[in-house]
Amino acid sequence: MAVSPHEVTQLLQRWRNGDKAALDKLTPLVYDELHRLAHQYISRERPGHTLQTTALVNEAYVRLVEQKDVKWENRAHFFAVSAQVMRHILVDYARQHSSEKRGGFFQQVTLGDDLVVSPERTAELVALDEAMQALDEIHPRRSKVVELRYFGGLNNTEAAAVLKVSEATIQRDWRFAKAWLYRELQQ
């Protein structure tokens, strides 16, 4: 079922204004897209990656629904915030797993469509997050472009709409950020 961005934007705005029925209508409309975005990210992972797609989407959705102070502007804004939330979930999970390997707290987990850990990926994800934080300190917009493109799966047009810049600016920022992060991660 094709859903217009305008319809999603209207539902987001109604939800922002306190209409709980709008959230009920919005959920099935955005869930498939969230799942697709999470799958895009997870598919880049090695076998045995950190989270299953469904677990990542569910956790991201719960966190998004709990957001009280967000002034949802439109569909692109929603998915930009979704990208940021997914990134934080993945990094938090990687850090938690890393601390557990060093004797941190242990948590009982039921096996199923839940969490699968890749030790190699944990260190890479934490290093990427640290590099992203460093990039954000000196080039916040470029850091946001990486977050939207890499973690959120947005294309140049969607990222440009979220950041209110031209597609050419997104392309330049993307090239710069990839090169900067590559250099940072090689050190």
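Which residues does Asp173 touch, not counting residues up to four places away in sequence? Asp173 touches Arg141, Arg142 and Val145, where contact means heavy atoms within 4.5 Å. Asp173 lies in helix H8 and is buried, with a relative accessible area of 1%. Here buried means under 20% relative accessible area, exposed over 50%, and partly exposed in between, with a 1.4 Å probe and protein chains only.

This is a predicted model, in which local features need pLDDT of at least 70, side-chain atom pairs count only at pLDDT 80 or more, and totals for chains, interfaces and linings use all residues. Residues are numbered from 1 along each chain as its sequence is written, and side-chain values use heavy atoms, with hydrogens and water left out.

## The chain

The chain has 8 helices and 0 strands. Helices (H or I, at least four residues) and strands (E, at least two) are DSSP runs, numbered from the N terminus. Of the 187 residues in the chain, 41% are buried. Among contacts between residues at least 6 apart in sequence, 68% join residues at least 24 apart.

## Helix H1

Helix H1 covers residues 5-16. Its 12 residues should span 16 Å at 1.5 Å a residue, and its end C-alpha atoms are 16 Å apart, which agrees. The expected span is 1.5 Å times one less than the number of residues. Val8, Thr9, Leu11, Leu12 and Trp15 of H1 are buried. They cover an arc of only 165° around the axis, which puts them on the same side of H1; the arc is that of the directions from the helix axis to the C-beta atoms. Just after H1, Gly18 takes a positive phi of about 100°.

Axes are lines fitted to C-alpha atoms, for helices over the stretch in contact, and angles run from 0 to 180 degrees between N-to-C directions.

| Helix pair | Axes come within | Crossing angle |
|---|---|---|
| H6 (residues 140-151) and H8 (residues 167-186) | 9 Å | roughly 95° |
| H7 (residues 156-163) and H8 | 8 Å | roughly 105° |

H7 is thus roughly perpendicular to H8, and H6 is also roughly perpendicular to H8. Angles under 35 degrees count as roughly parallel, over 145 as roughly antiparallel, 65 to 115 as roughly perpendicular and the rest as oblique.

In the contact of H6 with H8, the residues from H6 include Arg141, Arg142 and Val145, and those from H8 include Asp173, Trp174 and Phe176. The residues of this contact divide into 8 nonpolar, 1 polar and 4 charged. Ala, Val, Leu, Ile, Met, Phe, Trp, Tyr, Cys and Pro count as nonpolar, Asp, Glu, Lys and Arg as charged, and the others, Gly among them, as polar.

On the H7 side, Asn156, Thr157, Ala159, Ala160 and Leu163 meet Glu167, Ile170 and Gln171 of H8. That contact has 4 nonpolar, 3 polar and 1 charged residues.

## Glu73 and Lys164

Glu73 is found in the loop between helix H3 (53-66) and helix H4 (75-101). Glu73 is partly exposed, with a relative accessible area of 38%. Not counting residues up to four places away in sequence, Glu73 touches Thr9, Gln13 and Lys164. Glu73 and Thr9 are 64 residues apart in sequence, but 7.1 Å apart in space, C-alpha to C-alpha.

Lys164 lies in the loop between H7 and H8. Lys164 is exposed, with a relative accessible area of 61%. Phi of Lys164 is near 60°, a positive value in a residue other than glycine.
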